[in-house]
Amino acid sequence: MKYKNLSALRFVLSVALTIAGFVSAIIVNAAVPQAAAVKINRYEYFGGTLDFNILYRYAAAGIIILYLGLAVFAYFSEERRVNYVKRAPFRFALGVALALWDILGTKYLLLPQPFFPGPAAILETFLNEPAFVLENTLYSLKLYAAGFTAGVTFGVGTGILIGWFPRVYYWVSPVLKITGVIPAVAWMPFALTLAPTPFTAAVFLMTMCAWFPIASFTAQGVQSTAKVHFEVAKTLGANTAQLVFRVAIPHALPQIFGGISMANGFMFTTLVMSEMMGQPGGLGYYIQLSRVWSAYYKVFAAIIIMAALFSIILYIIGIVQNRALRWQKGLVK
Amino acid sequence: MSDIVLEIAGVNRIYSDDKENVVEALHDISLSVRRGEFLTFIGSSGCGKTTLLRLIAGLDEPQSGKLLLDGKEICGTDTNRGYVVQQGGLFPWLSVRDNIAYGLKVRGLYQKNKADVVKYIGLIGLDGFEKSYPHQISGGMAQRVAIARALINNPEILLLDEPMGALDSFTRADIQDKLLELKGESGATMILVTHDVDEAIYLSDRIVIMTPRPGRINDVLNVAIPHPRHRGGVEFMAMRRDILEKLNLASAQPQPEYTI
Ligand SMILES: Nc1ncnc2c1ncn2[C@@H]1O[C@H](COP(=O)(O)OP(=O)(O)O)[C@@H](O)[C@H]1O
Ligand SMILES: [Mg+2]
């Protein structure tokens with residue numbers, strides 16, 4: 001496919017294609033008759049009645065408005081226009097997939113129930129118990145923030161010590177390597193019994209799973225600092241602490257971020273697993289609770305929230321990383 | 001203050017590895033460096049030039065002999081000696097500006113002397129490149145930054161290890177002039193290591209010819225040509241012939257790289 005010298009017509013057609021999928025999703029939801037016997041609850045919100053179909057159509061309309069807005073934004077830059085055109089077929093397919101899913105999942109109940117409700121039914125979660133969902137989402141966020149902070153602080157701190165002091169390396173790195181091969185959740189029974197609260201137990205497990213990648217990458221970064229940079233810093237008047245904080249650590253920063261990116265995936269996993277196995281809240285807890293009641297549409301809703309939340313977190317980490325490592329731009333790759 | 005800034009007295013430096021290979025990098029080196037002079041060490045690679053600069057910088061210690069700076073024995077690094085290493089050694093994670101400011105920052109003098117950073121950026125002609133990172137500037141610019149970074153601490157002595165070794169001849173000539181200008185500005189004593197005969201004559205007040213295996217001083221020559229020196233001048237050419245002859249005589253086998 002060629003995208004050079006994109007014509008205005010091509011762009012307009014791509015915008016039409018992008019929204020066409022979601023328009024079809026709305027039309028399908030409104031026009032296809034409800035064939036199977038599905039109970040459609042009505043809820044009172046904002047002084048009106050809502051059911052999941054109406055909410056679903058609002059959501060699809062929201063996506064259409066978002067993509068139209070993006071099209072206006074993309075219009076002013078060649079690069080963004082090309083990207084928009086590239087993504088149009090996929091976004092179209094997304095809308096069509098929603099429409100198909102709607103037909104198979106809700107309208108005709110052709111998918112195994114109750115495991116695969118339609119997309120609209122999933123949204124019922126947000127009509128049914130929005131406050132409870134929010135509460136659990138915030139619990140997960142709080143746990144993530146605490147676990148991430150503890151994991152990164154401990155991992156980077158020990159990594160610097162391991163990288164700087166050969167004695168620490170000698171004594172600690174074997175322990176580090178052993179913990180590296182044990183999945184952190186294996187410690188769960190100990191953590192839950194010994195930690196004062198389930199929350200601190202989960203923070204401990206997240207720290208454990210982040211320790212190996214972050215500490216070993218950090219240590220490697222510190223150890224690989226060129227001797228000449230230490231010597232130059234010394235002749236310029238740097239003391240030992242400054243050799244650590246103004247030479248070794250800035251040099252190790254790319255590796256430190258590499259370790260954090262890697263550990264972050266482990267931390268997501270550990271977070272959800274610990275929530276599913278003994279936290280008084282959180283999205284993992286919510287999934288577990290919904291499963292017990294066979295409310296699989298709520299499980300899907302929790303998974304969608306997780307996907308959104310973790311994507312946003314990764315995005316934020318990416319921004320911080322780009323900012324901290326902007327000196328590398330054009331240096332690597 | 002005495003006329004002699006640095007006294008090197010009977011210095012020996014021997015490297016030995018595990019297999020008991022012994023390299024006599026410096027053998028009985030004695031020399032007095034005058035305050036404010038431009039002194040150049042010239043010699044083939046392996047004759048101990050870098051080793052000697054590292055001893056003066058305080059990054060290494062001799063097995064025997066002494067190095068006295070203003071009468072006091074050198075012990076470790078200090079900001080009264082600036083050192084521009086062979087490859088420049090700029091910190092890739094710092095901008096041009098932050099590289100130059102490094103010495104002031106680690107000594108806690110940055111707030112008071114911010115203006116110096118601006119002054120040096122101007123002196124080395126890098127206005128507009130303050131925010132660039134080392135990999136974004138040319139090799140010649142990077143060397144000028146390395147020199148400015150070492151000079152910002154106002155060292156008594158500036159040590160330069162083949163700072164122009166990897167540069168093309170135009171950039172080289174440019175930096176040579178810049179060095180003389182910076183020397184006038186800062187008044188520092190400059191000790192340069194090079195294997196370029198023209199560069200040595202163009203810049204130096206005195207030239208020390210070194211020979212390898214073991215590394216020792218072969219001869220010390222005064223360069224009495226007034227500045228600005230003309231590379232094609234009669235005295236220049238005569239001096240050059242003299243040094244080339246000494247270098248060829250000095251090394252066991254003639255080294256083609258000096259027959260420029
Ligand atoms: N750290 C070291 N360990 C062992 N031998 C060394 C070391 N540094 C330098 N040498 C040896 O000492 C001699 C002088 O080296 P050097 O001072 O780098 O010479 P130059 O700078 O004149 O090229 C060389 O033979 C070199 O191989
Ligand atoms: Mg050398």
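**Figure 1. Pairing of β4(B) and β5(B) in the predicted model.** Two bridges hold β4(B) and β5(B) together in the antiparallel sense. The model shown here and in the following views is predicted. Within this pair, L69(B) lies opposite K72(B) of β5(B). The two strands form a hairpin with two residues between them. In the turn, D70(B) has a positive phi of about 50°.

**Figure 2. The four-stranded sheet of chain B.** The strands of this open sheet follow the order β2-β1-β4-β5 (chain B), and their pairing is antiparallel. At the edges stand β2 (22-34) and β5 (72-73) of chain B, each of which pairs on one side only. Helix α1 (residues 49-57) of chain B packs on the sheet and touches β1, β2 and β4 of chain B. The direction of helix α1 makes about 120° with that of β1(B). Strand β1 (residues 4-16) of chain B runs antiparallel to strand β4 (residues 64-69) of chain B, and five bridges join the two.

**Figure 3. The six-stranded sheet of chain B.** This open sheet has mixed pairing, with its six strands in the order β6-β7-β8-β3-β9-β10 (chain B). Its edge strands, β6 (81-84) and β10 (216-222) of chain B, each pair on one side only. On average, neighbouring strands are turned by 15° against each other, direction ignored. Four bridges connect β6(B) with strand β7 (residues 157-161) of chain B, and this pairing is parallel. Here R81(B) has I157(B) of β7(B) as its bridge partner. Packed on the sheet is α4(B), which touches β6 and β7 of chain B. The direction of α4(B) makes about 165° with that of β6(B).

**Figure 4. Packing of α4(B) against α5(B).** The axes of helix α4 (residues 139-151) of chain B and helix α5 (residues 169-186) of chain B come within 11 Å and cross at roughly 15°. Because of this angle, α4(B) is roughly parallel to α5(B). The crossing is right-handed. On the α4(B) side, the contact is made by G140(B), Q143(B), R144(B), I147(B) and L151(B). The α5(B) side contributes T171(B), D174(B), I175(B), K178(B), L179(B), L182(B) and S186(B). The residues in this contact of α4(B) with α5(B) comprise five nonpolar, four polar and three charged.

**Figure 5. Packing of α2(B) against α3(B).** Helix α2 (residues 96-106) of chain B packs on helix α3 (residues 110-123) of chain B at an angle of about 145°, and their axes are 9 Å apart. The crossing of α2(B) and α3(B) is right-handed. From α2(B), the residues R97(B), I100(B), A101(B), L104(B) and K105(B) take part. They meet Y110(B), N113(B), D116(B), V117(B), V118(B), Y120(B) and I121(B) in α3(B). By class, this contact of α2(B) with α3(B) has eight nonpolar residues, one polar and three charged.

**Figure 6. The two domains of chain A.** Chain A is divided into domain 1 (2-116) and domain 2 (130-328). The C-alpha centres of these two domains of chain A lie 36 Å apart. Four residues from domain 1 of chain A and four residues from domain 2 of chain A make the contact between them.

Technical notes: Residues numbered from 1 in each chain as written. Chains lettered and ligands numbered in written order. Predicted model: local features only at pLDDT ≥ 70, side-chain atom pairs only at ≥ 80, totals over all residues. Heavy atoms only, no water. Axes fitted to C-alpha atoms, helices over the stretch in contact; angles between N-to-C directions. Parallel < 35°, antiparallel > 145°, perpendicular 65-115°, else oblique. Left-handed = near helix turned anticlockwise from the far one by under 90°. Contact = heavy atoms within 4.5 Å. Nonpolar A, V, L, I, M, F, W, Y, C, P; charged D, E, K, R; others polar. Pairing = 2+ DSSP bridges. Domains from an automatic or database assignment.
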